[in-house]
Amino acid sequence: MSWLCGVVVSVALSVTGAAVDLTSPAVFNAIFYITANVEVWHAGARNVTSAKYHWLHHGIDEGLQACGSFHSAQYLRRHSDLEKAYGLKGYRQAIEHYLTNGLHEHRLGYLEGGYGGRWTVSDAHHRLFVSASARMGAAVDSLVWNNHEFINSWDHGRELQMAMNFIPHGECFNPTEAGGRDDSQTAVTNTHTQSVHASGITLSTTVLPAFWLRAVHAMPPTRHCRNGKSAMNTENTYRHPFSKKVTLQCPGVSQPCLHFRSTFTIAGTIPSYTTLQMEAPTGYLTGDFTVFRSFDHSSGHLVAYSARKPLVQSTHDDRFAMGVFSPPNQDTDEFMYYGKFQFPNKIDGAASNKWNVVYRKHTLPAGSTHVFNYDTYICVGTVNDVTACLKKLLQAHPSDLVG
Ligand SMILES: *[C@@H]1O[C@H](CO)[C@@H](O)[C@H](O)[C@H]1NC(C)=O
């Protein structure tokens, strides 16, 4: 079976001649459609039903992108035979072509190097599609495997992203890769993107991250950071870079897998703190990823969640899963841990479940500059795929985890 989406739809079509389903998950995901296109949000289409309606009646013919792995406008530009046949605005025909033929022909539905404020990369087999957007400060806001969107990007605090805070200040001094709380559903972010390179299986970015909260003078007087305290940052954007290099290939692993290398710069004036906490990174997954387990290296099986063992987060039917492993011997003063959090919500798209990988350093000398790099491996697939992937990764790192 092909790993690309829509296969069943297009096979049925060639047999019966029935109309293609323009809301097939190969080309449309309602929540991606709303969050990646702020005009859809502002048009009032904010739930699955109204997003579908907007897509069928406006979005298709306007050439909007509605899925992380495919975009009609990029598909036409990528394949000159299609551009010749349908023209650069033959969006509807492009979608129909993709569903009936393009998927079988393994044609890709995105442009190398980025397009329209989005950058997409895929693994060597084109099974896994990872993309970042200008809207989210070049943070990863979509990961599609086997037709399924894994990432929640409802606002600028989610995504698959880096963040850091300084205990005990929490959100009061909290550089966040994708943007600040008050960036909310807007098209822009207080994160300043400095560079993005998307090519082949690799996405590299450098940004000056937004503080999660606006500087105190810029915050509405009714909004505080915590316990009635004011934000401690005096600007909306942290002046020092966060960089990442995401490679869709992990050493010795044949399953879909991301090697996520985070680079944090700590510099400038920071309110005095006891512990620097770096999330390298955090993954906010969609509401259906409700099951958390851990991988036990000695037995090779999944066990009840434990903060110190590689984490596996999945849908309840085990069809979609993400497994996270950070190799030992990285620069951390307190044990690295795997966190899990659940944020149920009845509103379409707003529910999220997250994991994070956390490293901690004790107080650094005031005014000094430090750069910390961390490697995290993120396996993707079914629960079985992810378990096999973690097994391979841990075999390659026999010293097991810290602690
Ligand atoms: C979806 O949004 C539309 C448009 O705002 C609204 O009329 C409808 O009631 C909403 N449906 C649900 C199930 O919330």
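This is a predicted model: local features need pLDDT of at least 70, side-chain atom pairs count only at pLDDT 80 or more; totals for chains, interfaces and linings use all residues.
The protein is divided into two domains, with domain 1 spanning residues 1–111 and domain 2 spanning residues 126–400. The C-alpha centres of domain 1 and domain 2 lie 29 Å apart, and the contact between them involves 23 residues of domain 1 and 18 residues of domain 2.

The count of salt bridges in the model comes to 18. One of these is formed by arginine 92 and aspartate 61, whose closest N and O atoms are 3.0 Å apart. Arginine 92 lies in helix α7 (residues 91–102), whereas aspartate 61 lies in helix α4 (residues 48–62), so that the pair ties together parts that are 31 residues apart in sequence. Arginine 92 is partly exposed, with a relative accessible area of 30%, and aspartate 61 is likewise partly exposed, with a relative accessible area of 46%.

A further salt bridge is formed by arginine 118 and aspartate 141, for which the closest N and O atoms are 2.7 Å apart. Here arginine 118 lies in strand β1 (residues 118–122) and aspartate 141 in strand β3 (residues 140–145), so the pair ties together parts that are 23 residues apart in sequence. Both arginine 118 and aspartate 141 are buried. Lysine 309 forms a salt bridge with aspartate 296, with the closest N and O atoms 3.2 Å apart. This pair links distant parts of the chain, since lysine 309 is in the loop between β14 (301–304) and β15 while aspartate 296 is in strand β13 (residues 291–296), 13 residues apart. Lysine 309 is partly exposed at a relative accessible area of 30%, whereas aspartate 296, at 11% relative accessibility, counts as buried.

Glutamine 313, which is found in strand β15 (residues 311–314), is buried, with a relative accessible area of 0%. The side chain of glutamine 313 reaches the backbone oxygen of asparagine 353 at 3.1 Å.

A polar atom of the threonine 265 side chain lies 3.1 Å from the backbone oxygen of proline 241. Leaving aside residues up to four places away in sequence, threonine 265 touches Met164, Tyr238, His240, Pro241, Thr369, His370 and Val371. The C-alpha atoms of threonine 265 and serine 243, which are 22 residues apart along the chain, are separated by 8.6 Å. Histidine 156, placed in the loop between β4 (148–149) and β5 (160–167), is buried with a relative accessible area of 1%, and the side chain of histidine 156 reaches the backbone oxygen of arginine 135 at 3.1 Å.

The backbone includes cis peptide bonds. The bond from isoleucine 167 to proline 168 is cis, with omega near 15°, and proline 168 is found in the loop between β5 and β6 (175–176). Another cis peptide bond joins alanine 280 and proline 281, with omega about -10°; proline 281 has its place in strand β12 (residues 275–286).

Positive phi values also occur in residues other than glycine. Alanine 138 has a positive phi of about 65° and is placed in the loop between β2 (128–133) and β3, where alanine 138 is buried, with a relative accessible area of 0%. Phi of aspartate 318 is near 65°; aspartate 318 lies in the loop between β15 and β16 (321–325) and, at 31% relative accessibility, counts as partly exposed.

The residues around the ligand are Gly44, Asn47 and Ser50. The protein covers 26% of the 370 Å² of accessible area that the ligand has on its own. A polar side-chain atom of asparagine 47 lies 2.4 Å from an oxygen atom of the ligand.

Conventions:
Residues are numbered from 1 along each chain as its sequence is written. Side-chain values use heavy atoms; hydrogens and water are left out. A residue is near a molecule or strand if one of its heavy atoms lies within 4 Å of it. A polar contact is a pair of N or O atoms within 3.5 Å; within protein, one must be able to donate a hydrogen and the other to accept it, and residues adjacent in sequence count only if both atoms are side-chain atoms. Accessible areas come from the Shrake-Rupley method with a 1.4 Å probe; for residues, only the protein chains shown count as cover. Helices (H or I, at least four residues) and strands (E, at least two) are DSSP runs, numbered from the N terminus. Buried means under 20% relative accessible area, exposed over 50%, partly exposed in between (1.4 Å probe, protein chains only). A salt bridge is a side-chain nitrogen of Lys or Arg within 4 Å of a carboxyl oxygen of Asp or Glu. Domain bounds come from an automatic or database domain assignment. Contact means heavy atoms within 4.5 Å.
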